[in-house]
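Here is a short note for a colleague who is new to this structure. Please read it with the model open.

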Amino acid sequence: MVRYLVDRSAKVAIDDEIRGHVEWDGGLIPDPVIMRGNGMPLYNFATVIDDIDLEITHVIRAEEHLSNTPVQMLLFEALGATPPVFAHIPFVAAPGTKEKLSKREKKIEKYRKSPQFKKLFDIADDVLPKLGLGSSETLNPVMVAYYEAVGFLPEAVLNSLSRLGWSLDDKTENMSLDFVVENFTLDRVVKAPAGLDPDKLLAYQEYWMSQLPLEKKVDGCLPFLEKAGLIDAQERHREFVGRLVEALGDRLKLFSDILSYDEYFVSDDHLVYDEKAFEMRIQKPERAVELLAKYREVLAASSIFTASALEEGFKSWMESEGISYGDIIHALRVAVSGKATGPGMFDCLAILGQERCLNRLDQAIKRVAK
RNA sequence: GGCCCCAUCGUCUAGAGGCCUAGGACAUUGGAUUUUCAGUCCAAGAACAGGGGUUCAAAUCCCCUUGGGGUCACCA
C-alpha cells in the first residue's frame with residue numbers, strides 16, 4: 001500500500017469556476033492511499049494521472065467531488081503538473097428537496113410517496129405493464145431509461161435538466177441541445193442544488209411535443225402500439241394512427257399516451273366501457289337510447305364518412321329532432337368509444353369508420369336492454 | 001461530529017449597490033373560449049431566512065446566527 005504524505009503545514013486552495021476560492025488546511029487532510037497493496041492505483045491517484053496524460057484543461061463535475069479536490073490538487077503539485085480548472089456544479093436534487101437524487105432502494109420508496117414525484121411513478125405503473133416491461137419496480141424516474149420507456153422526448157428531458165442549476169437570462173425557457181451548446185457558460189451556473197421538478201418536466205414535454213410534426217409523432221407512437229400488442233406490423237397502420245394522432249392534437253403528451261386510446265384498436269366486441277360513464281350518459285338519461293337508435297339510422301345512411309360531413313349531418317338531424325349537442329353527444333361518445341373523454345366527437349366517428357360505429361351503437365343499445 | 005458548500009415566490013430561476021412598490025417560467029386559484037377532455041387566452045395570489053454592520057442608498061458587499069446539503073474507503 002502506498003500513501004501520499006501530506007505536508008501538514010500546507011494550505012491547499014483552488015479557484016473554482018463556480019465556488020470561487022476554496023481552501024483546505026493540510027493539517028486536516030489524512031494521507032491518502034494512492035495505491036493498493038496489490039499495485040492497483042486508486043481513483044484519486046489514477047484520475048490525476050489521467051488528467052495529466054490527456055492534458056485535461058477543465059474538470060467540470062458535481063459538487064459532491066469538491067471534497068476530493070484537495071487531495072487531487074496535492075497530487076498534481078507533487079507530480080509537477082499544472083492542475084486543470086475546476087468547476088463544481090450543483091447536483092440534481094430529489095423533487096422538492098436539496099438532497100442529492102439517489103438510486104438507493106430506501107430513497108426510491110420515499111420518492112414513490114412524495115407528492116411531487118408520485119406522478120412519474122404512476123406513469124410507470126400505468127404504462128410499463130402494458131408494454132410487458134414490468135412496473136415502477138423495474139424502471140423508475142431516477143433512471144434515464146425510464147424516460148425513454150414511457151415516451152418522453154429527449155428534447156424535453158434535456159431542456160428540463162438544462163434549466164436545473166442554470167439559466168440563460170430572465171425569460172428563456174425552451175431550449176434545444178444546439179441552443180444550449182451555443183449559449184451555455186459556466187459563469188451562469190447556480191451554486192445551490194436544484195430539485196428536479198416533474199411538473200416542469202411535463203410542461204417541457206408538452207412544449208416539445210407540440211413542436212413535433214405529425215409524422216414524427218406517429219413514428220413515436222407506433223412502437224408503443226406494437227409493443228402493447230394493439231397493432232401488428234407498424235407500417236400497415238401508419239395512415240390510421242396518423243389520423244388518430246392528428247385528432248388527438250395536444251392530448252398526446254407522452255408517446256405512451258396513445259395506449260390510453262385503445263378503443264380505436266380493439267375489436268367492437270372487445271370494447272371496454274367505463275361503467276360510470278355508461279351509467280350516467282346512456283343508462284340513466286331518459287331519451288339517450290331512443291336518440292342513439294335514431295342517430296344510428298342517420299349514420300347508416302351517411303355516404304360520406306368524414307368528420308366535417310358527419311358534423312353537418314349531425315347538425316341538421318339535431319335541428320329536425322329539436323335537440324342540442326348536450327342532449328346526445330355524451331351518450332354517443334360513450335357508446336362508440338366506451339369513454340367519457342377523447343378527441344372531437346366527429347373525428348372519433350370518422351376514425352372509427354361507419355361499420356364500427358354502427359356495430360358499437362347496436363352493442364351499446366343492446367347492453368342497456370339487458 | 002470534523003472539513004467543505006449553499007440560502008430570492010410552493011418549485012426552477014432573473015437580479016453582479018440605486019432601473020426592485022423584486023421580473024419570468026412551472027404549479028395553484030379565478031374568468032373567457034369549447035360538444036367531452038386536452039389546449040389556448042386573460043387575470044390573481046405568492047419570495048429577498050434572522051440579526052448586525054459598510055454606504056447617501058443593500059436582495060445585491062462584510063460578519064454572526066439559524067437552517068439546509070455534500071463528504072469523510074486499500075469505491076469511483
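Which residues in H10 meet which residues in H15?

1. **H10 and H15.** Phe240, Arg243, Leu244 and Ala247 in H10 meet Asp347, Ala350 and Ile351 in H15. Contact here means heavy atoms within 4.5 Å. Helices (H or I, at least four residues) and strands (E, at least two) are DSSP runs, numbered from the N terminus. By class, this contact of H10 with H15 has five nonpolar, no polar and two charged residues. Ala, Val, Leu, Ile, Met, Phe, Trp, Tyr, Cys and Pro count as nonpolar; Asp, Glu, Lys and Arg count as charged; the others, Gly among them, count as polar.

2. **Basis of the model.** This is a predicted model: local features need pLDDT of at least 70, side-chain atom pairs count only at pLDDT 80 or more, and totals for chains, interfaces and linings use all residues. Residues are numbered from 1 along each chain as its sequence is written, chains are lettered from A and ligands numbered from 1 in the order in which they are written, and side-chain values use heavy atoms, with hydrogens and water left out.

3. **Angle of H10 and H15.** The two helices pack at about 175 degrees, with axes 10 Å apart. Axes are lines fitted to C-alpha atoms, for helices over the stretch in contact, and angles run from 0 to 180 degrees between N-to-C directions. H10 and H15 are therefore roughly antiparallel. The cut-offs are under 35 degrees for roughly parallel, over 145 for roughly antiparallel, 65 to 115 for roughly perpendicular, and oblique for the rest.

4. **An aromatic pair.** The structure holds 14 aromatic pairs. Rings of Phe, Tyr and Trp (its six-membered ring) pair if their centres lie within 6.5 Å; planes under 30 degrees apart are stacked, over 60 edge-to-face, and the rest tilted. Phe240 and Phe265 have ring centres 5.7 Å apart and planes at 85 degrees, so this pair is edge-to-face. Phe240 lies in helix H10 (residues 234-248) and Phe265 in the loop between H10 and H11, so the pair ties together parts 25 residues apart in sequence.

5. **H12 and H14.** Helix H12 (residues 288-300) packs against H14 at about 75 degrees, with axes 10 Å apart. That makes H12 roughly perpendicular to H14. Ala288, Leu291, Leu292 and Tyr295 in H12 meet Asp327, Ile328, Ala331, Leu332 and Ala335 in H14. The contact has eight nonpolar, no polar and one charged residues.

6. **The RNA surface.** 54 residues surround RNA strand B; the closest are Arg36, Lys100, Arg163, Gly165 and Arg251. A residue is near the strand if one of its heavy atoms lies within 4 Å of it. Sugar and phosphate account for 73% of the atoms of RNA strand B that come within 4 Å of the protein.

7. **Polar contacts to RNA.** A polar side-chain atom of Lys200 lies 2.8 Å from a base nitrogen of RNA strand B. For Asp197, such an atom lies 3.4 Å from a sugar or linking oxygen of RNA strand B.

Key: A polar contact is a pair of N or O atoms within 3.5 Å; within protein, one must be able to donate a hydrogen and the other to accept it, and residues adjacent in sequence count only if both atoms are side-chain atoms.
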